[in-house]
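User: I would like to go through the strand pairing and helix packing of this model. Please take it step by step.

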Amino acid sequence: MQSVHILAVGKLKERAYDALCAEYIRRLSPFCTVTLTELPEARLPENPSAAQIEAALADEAARLRRAIPQGAYTVALCIEGKPLSSVEFAKTLERAQAARLAFVIGGSNGLDEAFKREASLRVSFSAMTFPHHLFRVMLLEQIYRAAMITSGRKYHK
């Protein structure tokens, strides 16, 4: 069974989002094991400089690197990534043929540039900006949809 690791910078505080994440993790249980790891967002002053933001992103990237399971196929979720349809996303994950998939969601300032370049794949869900907490639900839903597509099961469109 494949293992899916979701690493997110920032803590999920809203119960409704937490409940939705738990529901998709439950739905995914026949297909894979899902581990959700939250890493604290780097502290910044109220009006940080570009250098302070870069340093915070580098710190978060170092902690993310340590948290990613060794040998995992790492997917950085960022606006500069490749936009994929749900079917393309499913096929991409299937082609990865990795025992471990690691999806990385950055904090409010995104992800470190070097970290994004190091990832196995960069994916964008949209040119729009989404709340990080809602994005976890969206990601889990798309992973579930991908599992349904690759297993040949029906799932609403």
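User: In β4, which residue is the bridge partner of A8?

Analyst: Six bridges join β1 to strand β4 (residues 100–105), and the two run parallel; strands here are DSSP E runs of at least two residues, helices H or I runs of at least four, numbered from the N terminus. Two strands pair if DSSP finds at least two bridges between them. The partner of A8 in β4 is I105.

User: Is the model predicted or experimental, and how are residues numbered?

Analyst: This is a predicted model, where local features need pLDDT of at least 70 and side-chain atom pairs pLDDT 80 or more, while totals for chains, interfaces and linings use all residues. Side-chain values use heavy atoms, without hydrogens or water, and residues are numbered along each chain as its sequence is written, from 1.

User: What is the strand order of the open sheet?

Analyst: β1 and strand β2 (residues 32–39) pair in the parallel sense over eight bridges. Five bridges join strand β3 (residues 73–83) to β4, also in parallel. The five strands form an open sheet with parallel pairing, in the order β2-β1-β4-β3-β5.

User: Is R63 buried or exposed?

Analyst: R63 lies in helix α2 (residues 50–67). Its relative accessible area is 18%; buried means under 20%, exposed over 50% and partly exposed in between, with a 1.4 Å probe and protein chains only. R63 is therefore buried.
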